[in-house]
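Please read the report below alongside the sequence and the structure. It goes through the model by region.

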Amino acid sequence: MTAFTCRTVAYGSPAYHQTVDLRDRILRQPLGLAFTPEQLAAEKDDLHLTIWSAHTLAGCLVLTPQPAQTVKMRQVAIDPTYQGQGIGTMLVQYSEDVARKQGYTTMCCHARESAVSFYKKLGYTVKGDVFTEVTLPHYYMEKPL
């Protein structure tokens, strides 16, 4: 089995740009969307978390601070080459550890309908009704840290 390593990468670094490319390929292009310079500039103060197989980016996500000691997990993307190997779970658990260490008490996300069961297995709860975001059905989910 392949060994995976989680780490935080700096905004604007070469590794960050790899995360943008992965998120664009996995999350945006299939919907006919692209990142705007303004959207990427707004990520400057976010935490950018990654999971690697040796020197190859396997997945990433972004943590965005919210009010009331809450952090929003967003832009979760796993390279299809590595899907089904448990690295999405490893990356989310790593992000929860990072968030706890930074003093957050709640993690939330806008989960695509297709990902709700994945997050439920990790202890997230649906709060509210379905809504549309980036042309797809989503649910607000959260978990106490």
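His48 is found in strand 2 of what is a predicted model. With a relative accessible area of 1%, His48 is buried, because the limit for that class is under 20%. The side chain of His48 reaches the backbone oxygen of Glu43 at a distance of 3.1 Å.

Leaving aside residues up to four places away in sequence, His48 touches Arg7, Thr8, Val9, Tyr11, Tyr16, Glu43, Leu61 and Val62. One of these, Val62, is also the bridge partner of His48 in strand 3.

## Strand 2 and its two partners

Strand 2 covers residues 47-53, and six of its seven residues are buried, so the strand is largely enclosed by the rest of the structure. Strand 1 (residues 4-9) pairs with strand 2 in the antiparallel sense, over six bridges. Within that pairing, Thr5 has Trp52 of strand 2 as its bridge partner.

Strand 3 (residues 56-66) also runs antiparallel to strand 2, and seven bridges join the two. Strand 2 and strand 3 form a hairpin with two residues between them. In the turn, Ala54 has a positive phi of about 55 degrees.

## Nonpolar cores

Which residues have the most contacts inside the largest nonpolar core? They are Leu63, Met73, Tyr119, Tyr124 and Met141, in a core of 25 residues. At least two residues of this core are supplied by each of strand 2, strand 3, strand 4 (70-78), helix 3 (87-101), strand 5 (106-112), helix 4 (116-121) and strand 8 (136-144). Helix 3 gives the largest share, five residues.

Not counting residues up to four places away in sequence, Leu63 touches Asp46, Leu47, Leu49, Val71, Lys72, Met73, Ser95, Ala99 and Met107. A second, separate core has 12 residues, among them Val20, Trp52, Cys60 and Ala77.

## Helix 3

Helix 3 has 15 residues, which at 1.5 Å a residue should span 21 Å; the end C-alpha atoms are 21 Å apart, in agreement with that value. The expected span is 1.5 Å times one less than the number of residues.

The buried residues of helix 3 are Ile87, Gly88, Leu91, Val92, Ser95, Glu96, Val98 and Ala99. An α-helix has 3.6 residues a turn, so residues three or four places apart point the same way. Just after helix 3, Gly103 takes a positive phi of about 95 degrees.

Ala68 and Thr106 are 38 residues apart along the chain, and their C-alpha atoms are separated by 8.5 Å.

## Aromatic pairs

The structure holds four aromatic pairs. One of them, Tyr11 and Tyr16, is tilted, with 4.8 Å centre to centre and 50 degrees between the planes. Tyr11 counts as partly exposed at 32% relative accessibility, whereas Tyr16 is buried, with a relative accessible area of 2%. Both tyrosines touch His48.

Phe118 and Tyr119 form an edge-to-face pair, 5.0 Å centre to centre and with 75 degrees between the planes. Phe118 counts as partly exposed at 26% relative accessibility, while Tyr119 is buried at 6% relative accessible area. Phe118, Tyr119 and Tyr124 form one aromatic cluster. Tyr119 and Tyr124 are also among the residues with the most contacts inside the largest nonpolar core.

## Strand 8 and its partners

Strand 8 pairs with strand 5 in the antiparallel sense over seven bridges. Strand 6 (residues 125-126) also runs antiparallel to strand 8, joined by two bridges. Glu142 of strand 8 stands opposite Cys108 and also opposite Thr125.

Strand 7 (residues 131-133) pairs with strand 8 in the antiparallel sense over three bridges. Here the bridge partner of Glu133 is Leu136 in strand 8. Strand 7 and strand 8 form a hairpin with two residues between the strands, where Val134 takes a positive phi near 40 degrees.

Note on methods. Residues numbered from 1 in each chain as written. Predicted model: local features only at pLDDT ≥ 70, side-chain atom pairs only at ≥ 80, totals over all residues. Heavy atoms only, no water. Buried < 20%, exposed > 50% of the residue type's maximum accessible area, 1.4 Å probe, protein only. Helix = DSSP H or I, 4+ residues; strand = E, 2+ residues; numbered from the N terminus. Pairing = 2+ DSSP bridges. Core = buried A, V, L, I, M, F, W, Y, C linked by side-chain atoms within 4.5 Å. Contact = heavy atoms within 4.5 Å. Polar contact = N/O pair within 3.5 Å; in protein donor to acceptor, adjacent residues only side chain to side chain. Phe/Tyr/Trp six-rings, centres within 6.5 Å; stacked < 30°, edge-to-face > 60°.
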